[in-house]
Every structure is written in structure tokens, then in C-alpha cells.
Protein chains: 2
Amino acid sequence: MFIGFSEAEVFLRNCKDAVILIHQNPDGDCIGAGFGLKDILTELGVRSRVVCHDEIPSRYDFITSVGLGEEFEPQTVIAVDIADNKLMGRYNEVYGERVQLCIDHHISNKDYAEKTLLRGNAAAACEVIYDLAKYMGMKITEHCATCLYTGIATDSGCFKYDCTTPRSHEIAAEMMRCYNINFARINRYMFDVKSAGRMKLESKITEIMETYLGGKLNIITVTKQIAEDMGIDMDELEGFAPITIQLEESEVGIFIRERDNDFKCSFRSANDVNVSQICQTLGGGGHAKAAGCSMTGELSDIKKQLIEAVERAIG
Amino acid sequence: MFIGFSEAEVFLRNCKDAVILIHQNPDGDCIGAGFGLKDILTELGVRSRVVCHDEIPSRYDFITSVGLGEEFEPQTVIAVDIADNKLMGRYNEVYGERVQLCIDHHISNKDYAEKTLLRGNAAAACEVIYDLAKYMGMKITEHCATCLYTGIATDSGCFKYDCTTPRSHEIAAEMMRCYNINFARINRYMFDVKSAGRMKLESKITEIMETYLGGKLNIITVTKQIAEDMGIDMDELEGFAPITIQLEESEVGIFIRERDNDFKCSFRSANDVNVSQICQTLGGGGHAKAAGCSMTGELSDIKKQLIEAVERAIG
């Protein structure tokens, strides 16, 4: 059931001992939203803990250094930035059917929770949480502001992409004026700093990028073998997908990463192609200009399916 | 003489037949500021023309397609985003001594004009011009908003860098809410789209980047020969300088470009080193985290001087 801010406020003010679930392969938005909400619950005197299928990458230490939260038997289950309970990974079995409140910004949200605060036009889950906190008249700490800024900045490509809203900018202005966040340092670590391995991999882009459909589709694949050869962790690959649409003539880009049991495929749209719709035909979802799906099988077969799906959409 | 908004308003409302000078090697901010001011003067019924030492790169066609303005004998000389009249190139001789109004955001402004509207804390000259237009109660057209957004976005690294102000974000929000700008498309062309040659050059970065001072300084040099080998125009190299500080341990990065008679050296600071001060010792200037200078002589001698200057600053 979809709810508004007032009902979400009543829920948060009356909950106890909450786990906050964030999605697998965590990114800046779900991490910022999880830890930002944890700070807000602390202000409300509610004990909470952030829970994730995967380990949170070390470049988010400035957010996670406060700790995930102590162990306790949860009485409340909250999900943030999770459009589909399948994205909880191994926690889907434990909590997937008993999420009481979901706070999200994915228009594709499956409405799996008892109550869902969905703002499908927000750039980030962190944007929804900030507006909720302001609606509730909450005090926002510097750490909380840092978390929420990080989510808005990362999901909007630092205010670069279509999904950026006027509200994203207004919130960023408030964060800078009122909460003393070190936004330039956050952005440096989120967008600019690269390991030597990542730089080396990027220098191979022109070799490993494949072009299809007369230049309209580019695919970059990073197998475990390539990552090993370059000496980089798979979690250093966040932010790699946009490289697939850097050439002027490209319409759609796909970044394929090999995982233990499948291939994660991240789609980007340069202009008007709706990649969320393409990904839905492949069992995934997301936003119009940034979406994804998971594929299993032989890499060559997977690529064939992806190319065909894009070709159908481009027409 | 430094003036405020009210005096600048009186000046603009009473001027006639104005040339608007922008600096050589024009970037998004001076181009946006020049053409944005031209739109405002048009609203005021003042004829104007944008003048630049160099040709404006074609990726700014969405701004310049309105034309530079008709020829006429100027009665008014205005400079935007020009901290030092030397940066006018060949127009310094013609107009350098007779600039009546300068609108700028460089704290290093030489106060060479009769009247200077300087906002040293603004992220961009376009930010100053937008606030001036609002102060004057001017109507802002969609084209004018597009120009001014472009300048704010490019000079702030799309709201990423330290120089971004809360006001930059507030203006961006207003641009999106009120003036219907296609910000995502602007940002795609300003930050993401790359020619095949540029991509090829970036793939050589790990080969051509030199590291000094125990990893704290990185230098990338692009000679005319390298550019020719890669098949790219020198004007495709805008936005290249930040690559010099992408490695985590880097403090200062220098991007050296060969020009006809000298080498343009663009400095970037990753953290606390003030590169404007370093550049001032080399006859240049700029901002604390992004500055530059021109050097003549043998490339190897130039590099030696640059390294020594950085070493002195880092201590």
C-alpha cells in the first residue's frame, strides 16, 4: 500500500528496534539512505541496524565508520531504495515477506511492503528521506546530511543526469548552507579518485568496448579474468557504466560484469531510448536512462540476447 | 574601481552598441556569460556583439547558433570572466585599455576596467550575471538560461568542485523550474561525449602520465605531435586537466598543452594545496583548486620549473 509523509512519520515515531535493509551490490544512494535513516531513528530514540547482502565497499568508510548498529531481535523491518524484495539477496528469505515500511524512488517498485512511501520523481531515495525528515521537523546531524548528500549526488551523477530534480539542487544548497558538509571531498571520492588498477582498465576501454547496431550500441564486458589481470576488485567498477555511452553516436550502452553465478548487466541510455523497458523484457528494471538486469548462461548467448533486445527497442 | 549591482544596472540600462569580450581559449563559463549577457542586452534594446581571440569550439553550437552579433562601431566595451586584460589575446591591443565594465568572479581580477563587478565567491561569471539579471528584474529567455546554466555547470565541474556555492545549486533549481532548460543534454555534451580520438588519447593516459614527488604530483603533456597522432583537435582537450588528480595519492596535477608559441599549463589541486599561488609565482593565476600559466622554452626545462614550483609549495 502506498502511503504519504504523514503516515510514514507516524510509523517512524512509533517503531522499535528496526532493521534497515539496503539492496545487494550497494551503491551510494542505498548506503546513504540506510545510514541517513539510521541517524534519524537515533534522533527519535529508536535502535536500528543497517543490513546488506554484500559488504559495503571501503570508499564509503566516511559513512559507515559509525558502525552498522548493534545486534538485537528486530521488531521493525524497513527497506530503503529496494524496488523489489529479490534485490535483498540472502535477506529476502529472512525479511522479504515482512517489510513493514519501504522508502523508495523507483517507479518500478513492486509494492511488496506493507506500507510504501514512494516518490517516483525523486532523483534518489535520499531525496525522499531528506524531505520526510524536514516534514517531521527532525534535527539533521552533519553525518546524516553527509549520508543524504552522497545518495543524491551519486544517483544523479552529481546533478548531471535527467533524473536530477530542482529539489535535488535545493536540498544540496541547504546541505551546504546549514550542515557544513564537505561536498567536494565526497564528490572527489565518489567520482574522481581511481585506483591504479581502475585507471589501467579504463586505458583498455578502446580495446574491450564492442560496437553494434551501426554505432548505436556499445558493450563493455569485464570478466573476473580481466579484473584479475588488471588487479582490481569488482567493487571498484561502480560508475563504469556511463563510459558505454560516451561516444556521440551511441544511444544505448551496456556494461556487463561477471559475478559468481551470473552476469550483471547495467544499461544506460544517451537520449530517448527507455532502457528500463528493455530491462523489463529481460527480467530486470530501473529508470528510463539507467536500468539493469541479471543474466545467466554463456556470455556469447547473453550478448546475443541483449543486442536483440536493444535492436527491438531501437527499431 | 569595484562596483555593486545597482551601479552595474545603471551602466547596462544606459549603454549603447556594446562589444562583449570573452577570454582566449574560451570555456563554457565565458561563452555562456558572453552570450547570456548579449541576450540580456537585447531585452534592454541594446545592440551587442561577442568578441573572442579564438574561434568558439563547435560543441558550443547550441549557445552560439544565435550568431556573434552584427558589426558596428562600438560605443561600449564590456569584458566578462576576464581577470586580466592580457587574456584578451589580440583584442587586448584594441580594447584592453578601454574596458568600461568588467563582470567577473576571479578573486585575482586585476581591476583593469573602469568599473568592475566582482563576486570572488561565485562559482562562475554566469552566476554573477544571473544574479545581476534577477536584481534588475529582467526577463530571462530559455536561451539565456541555457547559456548561464552552461557556465555554472562547466566552471563547477557539474557542481562537483569546492568552488560550487549554495547559490549555484539554487540557480540551477530555478533554471530547471522556470526556464525549461535541457540540462541533461547540455551536461552530456559538456562532460560525457567524447570523440573517438579523445577516447584513444585517454586510453594512453597510463603511458603518458608522469609521476613526481613520491606520487603527489602527476603531469600529463599533450604535444601537437601526440594530438596529431591521435587525430584530435586541441580544443577537444577541455576537461582533461582533472584527470591529472584522479589517483588517490595525488595532491597536484598539471596538464600541459603545446600551443603555437608556448605551452599552456593547467593546474589542479586535489586537496589543500593552493595552485593559484603556485601559478602566480610562474606569471599565471586562477582559483585555489584550478589555476594556470603559460610557459615558453624547452619542454624539459618547463617541466623542471613546474616540478620545482610545486615542490616549494608542498614543502
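Mentor: In α5(B), the buried residues are B:A125, B:C126, B:E127, B:V128, B:I129, B:Y130, B:D131, B:L132 and B:A133. Buried here means under 20% relative accessible area, exposed means over 50%, and partly exposed lies in between, with a 1.4 Å probe and protein chains only. The helix spans residues 125-135 of chain B and is mostly covered, as nine of its 11 residues are buried. Helices (H or I, at least four residues) and strands (E, at least two) are DSSP runs, numbered from the N terminus. Just after α5(B) comes B:G137, with a positive phi of about 70°.

Some ground rules apply to everything here. The model is predicted, so local features need pLDDT of at least 70 and side-chain atom pairs count only at pLDDT 80 or more, while totals for chains, interfaces and linings use all residues. Residues are numbered from 1 along each chain as its sequence is written, chains are lettered from A and ligands numbered from 1 in the order in which they are written, and side-chain values use heavy atoms, with hydrogens and water left out.

Next comes a pair of helices in chain B. Helix α6 (residues 142-155) and helix α8 (residues 183-192) of chain B pack at an angle of about 45°, and their axes are 11 Å apart. This angle makes α6(B) oblique to α8(B). For these terms, axes are lines fitted to C-alpha atoms, for helices over the stretch in contact, and angles run from 0 to 180 degrees between N-to-C directions. Angles under 35 degrees count as roughly parallel, over 145 as roughly antiparallel, 65 to 115 as roughly perpendicular and the rest as oblique. The crossing of α6(B) past α8(B) is right-handed. A crossing is right-handed if the near helix is turned clockwise from the far one by less than a right angle, and left-handed if anticlockwise.

From α6(B), the residues B:T146, B:Y149, B:T150, B:A153 and B:T154 meet B:F183, B:I186, B:N187, B:M190 and B:F191 of α8(B). Sorted by class, this contact has six nonpolar, four polar and no charged residues. Ala, Val, Leu, Ile, Met, Phe, Trp, Tyr, Cys and Pro count as nonpolar, Asp, Glu, Lys and Arg as charged, and the others, Gly among them, as polar. Contact means heavy atoms within 4.5 Å. An α-helix has 3.6 residues a turn, so residues three or four places apart point the same way.

In chain A, helix α8 (residues 183-192) is mostly covered, with seven of its 10 residues buried. They are A:F183, A:A184, A:I186, A:N187, A:R188, A:M190 and A:D192. Their cover includes α3 (61-64), α6 (142-155) and α7 (166-178) of chain A.

B:C158 is buried, with a relative accessible area of 2%. In chain A the loop between α6 and α7 holds A:F159, which has a positive phi of about 70° and is not a glycine either. A:F159 counts as buried at 0% relative accessibility.

α7(A) and helix α7 (residues 166-179) of chain B pack at an angle of about 165°, with their axes 8 Å apart. The two are therefore roughly antiparallel to each other, and their crossing is left-handed. In α7(A), A:P166, A:R167, A:H169, A:E170, A:A172, A:A173, A:M176 and A:R177 meet B:P166, B:R167, B:H169, B:E170, B:A172, B:A173, B:M176 and B:R177 in α7(B). These residues divide into eight nonpolar, two polar and six charged.

That leaves the relation of the chains.
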